[in-house]
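Hi,

Here is the structure I promised to pass on. Have a look, and my notes follow below.

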Amino acid sequence: VMKINVLLPTVQKLDSPYRGHSANETIADHDVAISYLIERHLKLLPSLCNLEPSVLQPAQTVLGGLSFNMGWFVQAEGPPGAVFRSIRKNLHGQSGRTDKPTSRKELSLYLIHWLTDLAGAEPAPLKGCLKLTCRLPLHVFTTFLNS
């Protein structure tokens, strides 16, 4: 949903600055956009606003706290230090967002999140998840799910 320009949030004056965004600035990064809404305007997200905090917290961590670029990792697009630095800090509880290491549940949820990112990677998300359903070889998808 956060890949549809008209739905992207604009940082409100009371919330600015927010992760490098000023007041009245639209947040274009879909992960940062959903994090902003979860952290600052949760009532705008009916599917999340009634969740227990213990269920909502892993979603917040996955969407806004890991800063791990799975695309870089999978496609070998960055040097190892750049690719693994933030996830390593998170796994050891040195992220700066919390002293608590990333849990197995949060990491598993992140992998599912990445899969949904892949599904919506095409520039027209309202047309469905063509990349996942039509272009990803079944053996790759199966291997991913079994991992």
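Is R40 buried, partly exposed or exposed? R40 is partly exposed, at a relative accessible area of 35% (buried means under 20%, exposed over 50%, partly exposed in between, with a 1.4 Å probe and protein chains only).

Before the rest, some ground rules: this is a predicted model, where local features need pLDDT of at least 70, side-chain atom pairs count only at pLDDT 80 or more, and totals for chains, interfaces and linings use all residues. Residues are numbered from 1 along each chain as its sequence is written, and side-chain values use heavy atoms, with hydrogens and water left out.

On to the salt bridges (a side-chain nitrogen of Lys or Arg within 4 Å of a carboxyl oxygen of Asp or Glu): the count is two. One joins D15 to R40, with 3.8 Å between the closest N and O atoms. That pair ties distant parts of the chain together, 25 residues apart: D15 sits in the segment before α1 (30–40), R40 in helix α1. Helices here are DSSP runs (H or I, at least four residues), numbered from the N terminus. D15 is buried, at 11% relative accessible area.

R19 and E39 form a salt bridge too, their closest N and O atoms being 2.8 Å apart. This pair also links distant parts of the chain, with R19 in the segment before α1 and E39 in helix α1, 20 residues apart. R19 is partly exposed at 38% relative accessibility, and E39 is partly exposed at 36%.

Lastly, Y110 is in helix α5 (residues 104–119) and is buried at 7% relative accessibility. Y110 and F68 are 42 residues apart in sequence, with 9.3 Å from C-alpha to C-alpha.

Cheers

Conventions:
Helices (H or I, at least four residues) and strands (E, at least two) are DSSP runs, numbered from the N terminus.
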